[in-house]
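Subject: Structure handover

Hello,

Here is the structure I promised to pass on. Please look it over first; my notes follow below.

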Amino acid sequence: MPHTPDFYPMEHLWDELGRRVYRREPQTRVELIRFLQEEWEAIPQDFIRRLIRSMRNRCRECIDAHGGHTHY
């Protein structure tokens with residue numbers, strides 16, 4: 001399997017978590033940990049489901065692009 005984020009929806013989930021925490025501007029390690037926990041819990045299940053459901057399209061686009069870039 002190629003090493004591409006197209007095949008790793010978890011990378012998109014980490015990105016979403018990072019954006020949410022970054023917006024809150026944690027100032028201490030304790031804040032960072034708390035914000036990570038709070039934001040992880042706040043990510044809608046629908047967002048996660050969409051990532052999972054997108055795998056078929058991700059694979060198809062990667063095949064069609066012969067392993068090249070896709071819009072994901």
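Which residues make a nonpolar surface patch of about 320 Å²? Met10, Trp14 and Trp40 do. Patch members have over 30% relative accessible area and no salt bridge; like charges are joined within 9 Å, and nonpolar side chains (Val, Leu, Ile, Met, Phe, Trp, Tyr) within 5 Å. A salt bridge puts a side-chain nitrogen of Lys or Arg within 4 Å of a carboxyl oxygen of Asp or Glu. Areas come from the Shrake-Rupley method with a 1.4 Å probe, and for residues only the protein chains shown count as cover.

Some ground rules. This is a predicted model, where local features need pLDDT of at least 70 and side-chain atom pairs count only at pLDDT 80 or more, while totals for chains, interfaces and linings use all residues. Residues are numbered from 1 along each chain as its sequence is written, and side-chain values use heavy atoms, leaving out hydrogens and water.

Confidence: pLDDT is the predictor's confidence in each residue, from 0 to 100. The protein averages 87, and 88% of the residues score at least 70. Helix 2 (residues 29-42) has the highest mean among the elements, 98. Helix 4 (residues 55-64) has the lowest, 84.

Fold: the protein has four helices and zero strands. Helices (H or I, at least four residues) and strands (E, at least two) are DSSP runs, numbered from the N terminus.

The largest nonpolar core has seven residues: Leu13, Leu17, Val21, Phe35, Ile43, Phe47 and Leu51. Helix 1 and helix 3 (45-53) each give two or more residues to this core. Helix 1 gives the most, with three. A nonpolar core is a set of buried Ala, Val, Leu, Ile, Met, Phe, Trp, Tyr and Cys residues joined through side-chain atoms within 4.5 Å.

Helix 1 (residues 9-24) also holds Met10. Met10 counts as partly exposed because its relative accessibility is 36%. Arg24 is in helix 1 too. Arg24 is partly exposed, at 31%.

Contacts (heavy atoms within 4.5 Å): leaving out residues up to four places away in sequence, Arg24 touches Arg34, Phe35, Glu38 and Glu39. On the same terms, Val21 touches Pro26, Leu32, Phe35, Leu36 and Glu39. Arg24 and Glu39 lie 15 residues apart in sequence and 9.8 Å apart in space, C-alpha to C-alpha.

Best wishes

Note on methods:
Buried means under 20% relative accessible area, exposed over 50%, partly exposed in between (1.4 Å probe, protein chains only).
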